[in-house]
Amino acid sequence: MTNREREQATLNFQKPEGRGTVAETFYPWVLTTNRFKEEGMPAEIADGAKDITNNIVGNKANQTEKYLAAEWGQGVMEYEQYLGFDPVRRIHFVLPFRRFEEKIIEETPEHIIKQDIYGRQVLKNTGSDLELDYKPVIETMEDWENLKSHAEKELEAYFSDKQIEAAYGHLAEGHDRGDYSIRLNIEGFFWVPRELLGIEAHMYAFYDEPELLHAINDYILEIYRTKLLKVIDLVQPDVIYFMEDLSGKNGPMVSPDCFEEFVADYYRALIPLFKEHGVGNVFVDTDGDFVRLIPNFMDAGVDGFLPMDVNAGMDIVEVRKQFPKLKFIGSFNKLEIAKGPAAIDKEFDRILPVIRGGGYIPGSDHQVAPSTSLENYKYYIKKLRKIMEQAGADL
């Protein structure tokens, strides 16, 4: 059984040969890899697992990575394989209005205002490390039209068929052999307007500027239907996951009705195309407690969720009882890994029924925290490999 076949069997409610997939939920946190390096991990391994945004900022020689981000995933895969995980090749597709040059807008003795990589302006007062929101990327429909014009130029400059092929095409051979699975990360239809407008303005826009929200999402859909499908045709990702983060500890930020009006139909238009072009599973990445929206997501075609935030009350044992065919990645309480073997063993006992039921790749319920020692993380991975021999045992 190849690595790719193993992941497909694990997620698709089958009994994998030997054991289920052993994989992590997200790429690592730089603060954590820095600690691991101090505790004995080879520097070339720890430093190779770069955060995607840091890689873009520091990679002026390869500006293809600005939007068609694949190169950075090689170091992450090597880091994960060093630790004992199965090979997962992580790739990113970035919308053409979501990356900007970092630069100083204003500097005085009292403060600095700078534009960050996302196009937002942030203010930092002299003597403070705290960055405060100063100006969002857009505020009005006119701002959006200007940003869209900028995006059209970026599409022409960075998203040609030749550039897409150069960025992702080299992954197809190893993927076809089954050497690794491919996990593609994109931004969703709640996430992007919030990132452009800011949290508070986004919430008001559902009532005051619905046309603006639909204009943004219509354009995102157009890009995904055209440029992103070219990527999918090259590599047929095993998992695509949308970043949404539309929930908090007390529940979703939007009602089911609001979700249906502003988000769900975009999923309904896109996910069937993904499946027609060879995508394995479509997941949504959201923190918080989103149980109330699960039926809406499933009706819109979503297969599963990650990271299933334990500390926000997401209990996959209970969620699986309500939604027997829902798939999961994550849901291992990251805080328990830092506590050592006894706590790790107890957490595995908690999620074992879902592992045995299939459709689940256990992993940290977010990036592994820098409070975690390398010794405890290695214990967690060794235990995970053993317990995944029970994947799908109850099917």
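Glu211 is exposed, since its relative accessible area is 54%, where exposed stands for over 50% relative accessible area, buried for under 20%, and partly exposed for what lies in between, as found with a 1.4 Å probe and with protein chains only. This residue is found in helix α11, helices here being DSSP runs of H or I with at least four residues and strands DSSP runs of E with at least two, both numbered from the N terminus. Between Glu211 and Ser373, which are 162 residues apart in sequence, the C-alpha to C-alpha separation is 49 Å.

The structure is a predicted model, in which local features need pLDDT of at least 70 and side-chain atom pairs count only at pLDDT 80 or more, whereas totals for chains, interfaces and linings use all residues. Residues are numbered from 1 along each chain as its sequence is written, and side-chain values use heavy atoms, with hydrogens and water left out.

With regard to the overall fold, the protein contains 17 helices and 14 strands. Its radius of gyration is 21 Å, close to the 21 Å that the globule rule gives for 395 residues, so the protein is as compact as a globular protein of that length; the radius is taken over C-alpha atoms, and the rule is 2.2 Å times the number of residues to the power 0.38. Taken along the principal axes, the box filled by the C-alpha atoms is roughly 55 × 45 × 45 Å. Of the 395 residues, 56% are buried. A contact is counted when heavy atoms lie within 4.5 Å, and among the contacts between residues at least 6 apart in sequence, 71% join residues at least 24 apart.

The accessible surface of the protein comes to about 16500 Å², and 48% of this surface belongs to carbon and sulfur atoms; the areas come from the Shrake-Rupley method with a 1.4 Å probe, and for residues only the protein chains shown count as cover. The protein carries 45 positive and 68 negative charges, whose mean positions are 6 Å apart. In this count Lys and Arg are positive and Asp and Glu negative, while His and the chain ends are not counted, and each charge is placed at NZ of Lys, CZ of Arg, CG of Asp or CD of Glu.

The interior was described through nonpolar cores, each a set of buried Ala, Val, Leu, Ile, Met, Phe, Trp, Tyr and Cys residues joined through side-chain atoms within 4.5 Å. The largest nonpolar core has 117 residues, and those with the most contacts inside it are Phe93, Phe97 and Phe274. Helix α11 (residues 210–235) provides the largest share of this core, with 13 residues. When neighbours within four places in sequence are left aside, the contacts of Phe97 include Tyr67, Trp144, Leu147 and Tyr219.

Leu384, placed in helix α17 (residues 374–387), counts as buried because its relative accessibility is 0%. Although Leu384 and Gly84 are 300 residues apart in sequence, their C-alpha atoms are 9.9 Å apart in space. Beyond its neighbours within four places in sequence, Leu384 is in contact with Val22, Ala23, Phe85, Phe348 and Pro362. Ala264, in helix α12 (residues 256–276), is likewise counted as buried, at 0% relative accessibility, and its C-alpha atom is separated by 8.6 Å from that of Phe189, which is 75 residues away along the chain. With neighbours within four places again left aside, Ala264 is in contact with Phe259 and Ala300.

Backbone geometry was considered next. A cis peptide bond, with omega at about 0 degrees, joins Leu306 and Pro307, and Pro307 lies in the loop between β12 (304–306) and α14 (316–322). In the loop between β12 and α14 also lies Met308, which has a positive phi of about 60 degrees although it is not a glycine and which counts as buried at 0% relative accessibility. Phe13, also a residue other than glycine, has a positive phi near 55 degrees; Phe13 is placed in the loop between α1 (3–11) and α2 (30–38) and, at 17% relative accessibility, counts as buried.
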